[in-house]
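Let's take a walk through a protein model, one feature at a time. Have your viewer open and follow along.

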Amino acid sequence: MDTRNNIGKRYSSVMSSAMAVELPTIRIQPSKGWLAIKLRELWEFRELLYFLLWRDFKVRYKQTVLGVGWAVVQPLFSMVVFTLIFGRLAKMPSDGIPYPIFSYAALLPWAFFSQGLNNASQSMVGNSHLVKKVYVPRLIIPMAGVLSGITNFILSFIVLLCMMLYF
């Protein structure tokens, strides 16, 4: 009986000395103003950004039938619809620029913006487990959503350059 009591006392003294060491407490507080973006912190988490981008890229292009072709076909069809409706039927002026180029050049940044906004908002919901469990700069997650659309933009821009050479 006496040895059990001594073991219990030693265990409690070890635990109390271990409990006496306090770990640093990090408080996450909102920043004030727009200029409080911590670029150093974003740079430190660049690898996470890379892996989030790579995951989005693989999901977008690996599991689709059209793959990369969808990034080209979707704006082309939109351009054809805009050219037919606004260029042919409504006779909207394009100031001497061929209407397919005129509409396609306007559709590219708009498609990038709308897709980026949509991906950024969905990424916060889709990666809520990441935000709740570990500390990451909160800007990384929507940034990955926006930057994942750059591949579509680049592919569509190459098509725009080819169209400009053709016309």
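What follows goes from a helix pair to a loop, then to aromatic rings and a residue beyond them.

Keep in mind that this is a predicted model. Start with helix α4, which covers residues 69-89, and helix α5, which covers residues 99-126. Two packed helices are described by the angle between their axes and the distance between the axes. For α4 and α5, the angle is about 125 degrees and the axes are 9 Å apart. That angle makes α4 oblique to α5, because anything from 65 to 115 degrees would count as roughly perpendicular and anything over 145 as roughly antiparallel. As for handedness, α4 passes α5 in a right-handed crossing.

Now zoom in on the contact itself. On the α4 side you'll find Pro75, Leu76, Ser78, Met79, Phe82, Thr83, Phe86 and Gly87. They meet Tyr99, Pro100, Ser103, Tyr104 and Leu107 from α5.

Next, slide along to the loop between α4 and α5, where Lys91 sits. Most residues other than glycine have a negative phi, and most peptide bonds are trans. Lys91 has a phi near 55 degrees, which is a positive value in a residue other than glycine. Asp95 is found in the loop between α4 and α5 too, and its phi is also near 55 degrees, again positive in a residue other than glycine. Are these two buried or exposed? Lys91 counts as exposed, with 63% relative accessibility, and Asp95 counts as exposed at 75%. The cut-off for exposed is over 50%.

On to the aromatics. A pair of aromatic rings is described by the distance of the centres and the angle of the planes. The structure holds eight aromatic pairs. One of them joins Trp54 and Phe57, with 5.7 Å centre to centre and 20 degrees between the planes, and it is stacked. It counts as stacked because the planes are under 30 degrees apart. Trp54 and Phe57 are three residues apart in helix α3 (residues 46-62), so about one helical turn separates them. Trp54 is partly exposed at 41% relative accessibility, and Phe57 is partly exposed at 33%.

Then there's the pair of Phe82 and Phe86, which is tilted: the centres are 5.4 Å apart and the planes make an angle of 45 degrees. Phe82 and Phe86 are four residues apart in α4, so about one helical turn lies between them. Phe82 is partly exposed at 34% relative accessibility, and Phe86 is partly exposed with a relative accessible area of 36%. Elsewhere, ring pairs link Phe112, Phe153 and Phe157 into a cluster.

Last stop: Asn127, in the loop between α5 and α6 (128-133). How does Asn127 count, buried or exposed? Asn127 has a relative accessible area of 7%, so it counts as buried, with the cut-off for buried being under 20%. If you leave aside its neighbours within four places in sequence, Asn127 is in contact with Arg55 and Ile141.

Conventions: Residues numbered from 1 in each chain as written. Predicted model: local features only at pLDDT ≥ 70, side-chain atom pairs only at ≥ 80, totals over all residues. Heavy atoms only, no water. Axes fitted to C-alpha atoms, helices over the stretch in contact; angles between N-to-C directions. Helix = DSSP H or I, 4+ residues; strand = E, 2+ residues; numbered from the N terminus. Parallel < 35°, antiparallel > 145°, perpendicular 65-115°, else oblique. Left-handed = near helix turned anticlockwise from the far one by under 90°. Contact = heavy atoms within 4.5 Å. Buried < 20%, exposed > 50% of the residue type's maximum accessible area, 1.4 Å probe, protein only. Phe/Tyr/Trp six-rings, centres within 6.5 Å; stacked < 30°, edge-to-face > 60°.
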